[in-house]
Amino acid sequence: MGIALSVHTLFAAIWVGGMFFAYVCLRPTLAGIDAKTRTTLWAQVLHRFFGYVFLSAALLLGTGLHMIRGLGSMAVVGKHVHIMLGLGVVMMLLALHVYFAPLKRLKRAVIAGDVAEAGRRIGQIRIFVGINLLLGLIVIVVASGGRYFFAGV
């Protein structure tokens with residue numbers, strides 16, 4: 001159980017930390033760069049980041065389910081685990097959507113040299129990443145304090 005919890009925590013930090021870095025640090029810094037360079041850079045950064053997102057999602061789901069099974073079942077875990085699992089699945093679905101829809105279109109626009117379309121796709125991705133970042137931060141709060149928040153509920 002200790003190894004599963006450690007892997008679970010590590011990959012949650014990688015995924016949510018990566019979104020925080022991209023949204024709060026990288027995005028504002030790139031605002032001053034010309035649009036063609038910015039869109040190309042985003043396409044490359046996001047392509048690389050999503051490899052870690054998918055690895056993180058698989059390990060988070062696998063270790064989470066392993067720990068739930070080790071405790072018995074969903075029937076015996078606290079409400080915070082149900083919330084964590086539910087929000088985690090929503091995050092994974094949003095990540096899949098971003099990867100297979102707006103990111104794919106961003107890459108096509110960059111290859112075609114359509115800077116305006118690439119910019120629109122980056123704006124769309126920004127919204128989804130912002131939502132996922134918020135959900136990820138909520139999951140971290142629920143994971144770290146949920147058993148206390150929902151004690152006796």
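How does the lining of the second largest pocket divide into nonpolar, polar and charged residues? In this predicted model, that lining has 7 nonpolar, 3 polar and 3 charged residues. The pocket itself has a volume of about 180 Å³. Its lining is made up of 13 residues. Those nearest its centre are Arg27, Ala31, Arg38, Trp42 and Ile122. At least two lining residues come from each of α1, α2 and α5. The greatest share belongs to α5, which gives 6 residues to the lining of the second largest pocket.

The overall fold is described by helices. The protein has 5 helices and 0 strands. Read from the N terminus, the order of elements is α-α-α-α-α. Along the principal axes, the C-alpha atoms fill a box of roughly 55 × 25 × 20 Å.

The largest pocket holds about 910 Å³ of space. It is lined by 32 residues, and Leu5, His8, Met67, Met84 and Ala143 are the closest to its centre. The element that gives the most is α3, with 8 residues. By class, the lining of the largest pocket comprises 23 nonpolar, 8 polar and 1 charged residues.

The crossing of α3 with α5 is left-handed.

The contact draws on residues from both helices. On the α3 side, the residues are His80, Ile83, Met84, Leu87, Gly88, Val90, Met91, Leu94, Ala95, His97 and Val98. They meet Ile125, Phe128, Ile131, Asn132, Leu135, Gly136, Ile138, Val139, Val142, Ala143, Gly146 and Arg147 in α5. By class, the residues of this contact divide into 16 nonpolar, 6 polar and 1 charged.

Met84 of α3 and Ala143 of α5 take part in the contact between the helices. Met84 and Ala143 are also among the residues closest to the centre of the largest pocket.

Note on methods: Residues numbered from 1 in each chain as written. Predicted model: local features only at pLDDT ≥ 70, side-chain atom pairs only at ≥ 80, totals over all residues. Heavy atoms only, no water. 1 Å grid on protein atoms, 1.4 Å probe; cavity = no way out; pocket = protein on both sides within 12 Å on 5 of 7 lines; lining within 4 Å. Points joined across faces, edges and corners; volume = space filled by probe spheres on them. Helix = DSSP H or I, 4+ residues; strand = E, 2+ residues; numbered from the N terminus. Nonpolar A, V, L, I, M, F, W, Y, C, P; charged D, E, K, R; others polar. Left-handed = near helix turned anticlockwise from the far one by under 90°. Contact = heavy atoms within 4.5 Å.
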